[in-house]
Amino acid sequence: QVQLVESGGGLVQAGGSLRLTCAASDRIFSSYTVGWFRQAPGKEREFVAAISWSAGITYYADSVKGRFIISRENAKNAVYLQANSLKPEDTAVYYCAADPMRIPRRDKNSYAYWGQGTQVTVSS
């Protein structure tokens with residue numbers, strides 16, 4: 001079992017940046033694929049980015065490519081999402097998810113463990 005906690009969300013003006021953190025309770029997290037997803041009111045939870053800690057493979061949704069960066073710091077059992085050039089349409093609850101699968105997936109149903117989410121609000 002893996003416990004995940006997101007942090008770093010908040011209120012930011014358009015064009016600003018936030019750094020989200022996904023912290024895990026167990027060292028086994030270092031061997032898991034980790035993804036970031038987001039859900040806006042009235043919408044389905046959607047894929048944002050994913051990373052494989054063992055292989056260093058990263059995937060991004062087209063909507064955030066070039067603006068967001070996913071990274072890892074295994075010694076701290078943490079995965080980060082650096083969100084730059086934020087737009088109002090980025091407003092959502094952001095969730096991190098983990099799974100022992102070896103290759104990152106975009107499908108939210110592929111992930112077994114989820115955090116509680118952190119709110120990101122971008123004002124115009």
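Buried here means under 20% relative accessible area, while exposed means over 50% and partly exposed is in between, with a 1.4 Å probe and protein chains only. Strands are DSSP runs of E with at least two residues, helices are runs of H or I with at least four, and both are numbered from the N terminus.

A quick word on the model. It is predicted, so to speak of a local feature we need pLDDT of at least 70, and side-chain atom pairs count only at pLDDT 80 or more, whereas totals for chains, interfaces and linings use all residues. Residues are numbered from 1 along each chain as its sequence is written, and side-chain values use heavy atoms, leaving out hydrogens and water.

Back to strand 3. Which strands does strand 3 pair with? One is strand 1, residues 4-7, antiparallel over 4 bridges, and another is strand 8, residues 78-83, also antiparallel, over 6 bridges. Two strands pair if DSSP finds at least two bridges between them. If you want places to look, serine 7 has threonine 21 in strand 3 as its bridge partner, and leucine 18 stands opposite alanine 83 in strand 8.

Now zoom out. The chain has 11 strands and 0 helices. Its radius of gyration is 13 Å, close to the 14 Å that the globule rule gives for 124 residues, so the chain is as compact as a globular protein of that length. That radius is taken over C-alpha atoms, and the globule rule is 2.2 Å times the number of residues to the power 0.38. Of the 124 residues, 45% count as buried.

Next, the aromatic rings. How many aromatic pairs does the structure hold? There are 5. Rings of Phe, Tyr and Trp (its six-membered ring) pair if their centres lie within 6.5 Å; planes under 30 degrees apart count as stacked, over 60 as edge-to-face and the rest as tilted. One of the pairs is phenylalanine 37 with tyrosine 111, edge-to-face, 5.3 Å centre to centre and with 75 degrees between the planes. This pair links distant parts of the chain: phenylalanine 37 is in strand 4 (residues 33-39), and tyrosine 111, 74 residues apart from it, is in the loop between strand 9 (92-99) and strand 10 (113-114).

Tryptophan 114 is partly exposed, at 27%. Together, Phe37, Phe47, Tyr111 and Trp114 form one aromatic cluster.

Two arginines sit over rings as well. Arginine 45 lies over the face of tyrosine 95, 3.7 Å from the ring centre, and arginine 106 lies over the face of tyrosine 59, at 4.6 Å. The rule is that NZ of Lys or CZ of Arg is within 6 Å of the ring centre and within 35 degrees of the ring normal.

Last stop, the backbone. Most residues other than glycine have a negative phi. Asparagine 77, in the loop between strand 7 (68-73) and strand 8, has a positive phi near 50 degrees. Serine 85, in the loop between strand 8 and strand 9, has a positive phi near 45 degrees. Asparagine 77 is buried at 15%, whereas serine 85 is partly exposed at 41%.
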